[in-house]
Amino acid sequence: MLAHHRLRPLVFMLMLAVCVTGVALSIRAGIERRGTLSAADTKLADGLAAWEQVYSVLTSPRCINCHTAINYPQQGDDRHRHFANVIRGPADRGVPALNCVGCHQEVNADSTGVPGGPDWHLAPLSMRWQDANDRPLSSAAVCRAVTDRSRNENMDGPALLKHHEGAALVLWAWNPGRRPDGTMRTLPPLTHAQFVAATRTWVDAGTPCPRAR
Amino acid sequence: MATYQLNVNGQSKQVNVDPSTPLLWVLREELKMTGTKYGCGISACGACTVHLGGIATRSCVVPVSLIGDRKITTIEGVGQDPVGRVVQNAWVEKDVVQCGYCQSGQIMSAVALLKETPKPTDENIEESMGGNLCRCATYVRIREAIKRAAEQI
């Protein structure tokens, strides 16, 4: 049983790699069927494959738990509702007497198991990556949200890359601290360097989004 | 162990404690200020609420090493504040308390609410006080006292 749990991240990474490779190959195969593979087609295929890698991080619990579509954040790898009746509030930072920063300090508090980072808060509803039933949105839908400058604080491709490279709460996902029981929180499926590299490839390709099914 | 200089209720206090010690235990064990209560120890009940830099904060989960120079206000000092005094008087007037164990935290949260929202609606009160539990279920009187305080602010 224990060995099974240890293998789970490895299996997930393997499946992710297979999926990403599959997407890239199928896109490329589709293009090749139409004729010669142009440099632009290759870039698009690589960009779409890179986006799927980015998507795998954005929908991991460390990121998506604060990108809800409802009135509260989530917590834990099972993405359950945040305890203590915490709610979003008008500015995504809780309400008076129950602000996010009333527990979440500027850094992780490993001795008490409370995660922390600068200006801890929920992502705005415009940047929700889940539906109202707490299911992650599709790759195409998240991509549309992330690239819609009317919803993403007017970030273009280079700004998105910069955000992924250095925004404090983005970086927190790779330094999430310890749970109250002392164990380490799980990390996103890619390293931060891999995440940035995938974002760069996607941005260089013009931030393409997959077609909605 | 490390030495920290804390500003508690306007007074400078020096403590020598393990950096990981939650503020709650610094207050109760080191400074002998036992008005702030231990309820759950995981920030779920609100009994340990104090104000840290003016923000209602669960002192049971904030290590002393992360406090810095932010001012700490506890139930022992909140009556020095005009809003705090009005809230405490309203609590007495409405006879809110039953067993009383959670009431320090309730009052600290109520003061934080009224400082930011002087005329709270029922919804404001429910949302902001939703993290403070009372096993005696004095919630109706808590709401009445907050509304009474709001009339006087």
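Trainee: Which residues of helix α1 of chain B are buried?
Mentor: In this predicted model, helix α1 (residues 23–30) of chain B has L23(B), L24(B), V26(B) and L27(B) as its buried residues.

Trainee: What do those buried residues pack against?
Mentor: The buried residues of α1(B) pack against β2 (11–17) of chain B.

Trainee: And what follows α1(B)?
Mentor: K32(B) follows α1(B). The phi of K32(B) is positive, near 55 degrees.

Trainee: Let's stay in chain B. What domains does the assignment give?
Mentor: The assignment gives domain 1 (2–73) and domain 2 (78–152) of chain B. Taken over C-alpha atoms, the centres of domain 1 and domain 2 of chain B are 21 Å apart.

Trainee: How many residues does the contact take from each domain?
Mentor: Domain 1 of chain B puts in 13 residues, and domain 2 of chain B puts in eleven residues.

Trainee: Which element gives the most on the domain 1 side?
Mentor: Strand β3 (residues 49–52) of chain B does, with three residues. By class, the side of domain 1 of chain B that touches domain 2 of chain B has five nonpolar, seven polar and one charged residues.

Trainee: Helices next. At what angle do α2 and α3 of chain B pack?
Mentor: Helix α2 (residues 82–93) of chain B packs on α3(B) at about 125 degrees, and their axes are 9 Å apart. That angle makes α2(B) oblique to α3(B). Their crossing is right-handed.

Trainee: Which residues make the contact?
Mentor: From α2(B), take V83(B), G84(B), V87(B), Q88(B) and W91(B). From α3(B), take I107(B), A110(B), V111(B), L114(B) and K115(B). By class, the residues of this contact of α2(B) with α3(B) are seven nonpolar, two polar and one charged.

Trainee: How do α3 and α5 of chain B pack?
Mentor: Helix α3 (residues 103–116) and helix α5 (residues 139–152) of chain B pack at about 40 degrees, with axes 11 Å apart. So α3(B) and α5(B) are oblique to each other. The crossing of α3(B) and α5(B) is right-handed.

Trainee: Which residues touch there?
Mentor: Q106(B), A110(B), L113(B) and L114(B) come from α3(B). I142(B), I146(B), A149(B) and A150(B) come from α5(B).

Trainee: What classes are they?
Mentor: The contact of α3(B) with α5(B) has seven nonpolar, one polar and no charged residues.

Trainee: Over to chain A. How many helices and strands?
Mentor: Chain A has seven helices and four strands. Along the sequence, the pattern in chain A is α-α-α-β-β-β-β-α-α-α-α.

Trainee: What share of chain A is buried?
Mentor: Of its 213 residues, 29% count as buried. Now take the contacts in chain A with a separation of 6 or more: 61% of them join residues 24 or more positions apart.

Trainee: Take V54(A). Is it buried or exposed?
Mentor: V54(A) is buried, because 25 other C-beta atoms lie within 10 Å. V54(A) is in helix α2 (residues 39–58) of chain A.

Trainee: What is V54(A) in contact with?
Mentor: Leaving aside neighbours within four places in sequence, V54(A) is in contact with F195(A), A198(A), T199(A) and W202(A). V54(A) and W202(A) are 148 residues apart in sequence, but 8.5 Å apart in space, C-alpha to C-alpha.

Trainee: And P158(A), buried or exposed?
Mentor: P158(A) is exposed, because 11 other C-beta atoms lie within 10 Å. P158(A) sits in helix α5 (residues 157–166) of chain A. P158(A) and A132(A) are 26 residues apart in sequence and 30 Å apart in space, C-alpha to C-alpha.

Trainee: How does α5(A) cross α7 of chain A?
Mentor: The axes of α5(A) and helix α7 (residues 192–204) of chain A come within 9 Å and cross at roughly 180 degrees. That makes α5(A) roughly antiparallel to α7(A).

Trainee: Which residues do the touching?
Mentor: G157(A), P158(A), L160(A), L161(A), H164(A) and E165(A) of α5(A) meet F195(A), V196(A), T199(A), R200(A) and V203(A) of α7(A). The residues in this contact of α5(A) with α7(A) are six nonpolar, three polar and two charged.

Trainee: Last one. How many residues are in contact between chain A and chain B?
Mentor: 20 residues of chain A are in contact with 23 residues of chain B. The chain A side has 14 nonpolar, six polar and no charged residues.

How values were computed. Residues numbered from 1 in each chain as written. Chains lettered and ligands numbered in written order. Predicted model: local features only at pLDDT ≥ 70, side-chain atom pairs only at ≥ 80, totals over all residues. Contact = placed C-beta atoms within 7 Å. Nonpolar A, V, L, I, M, F, W, Y, C, P; charged D, E, K, R; others polar. Helix = DSSP H or I, 4+ residues; strand = E, 2+ residues; numbered from the N terminus. Buried ≥ 20, exposed ≤ 12 C-beta atoms within 10 Å, placed from the backbone. Domains from an automatic or database assignment. Axes fitted to C-alpha atoms, helices over the stretch in contact; angles between N-to-C directions. Parallel < 35°, antiparallel > 145°, perpendicular 65-115°, else oblique. Left-handed = near helix turned anticlockwise from the far one by under 90°.
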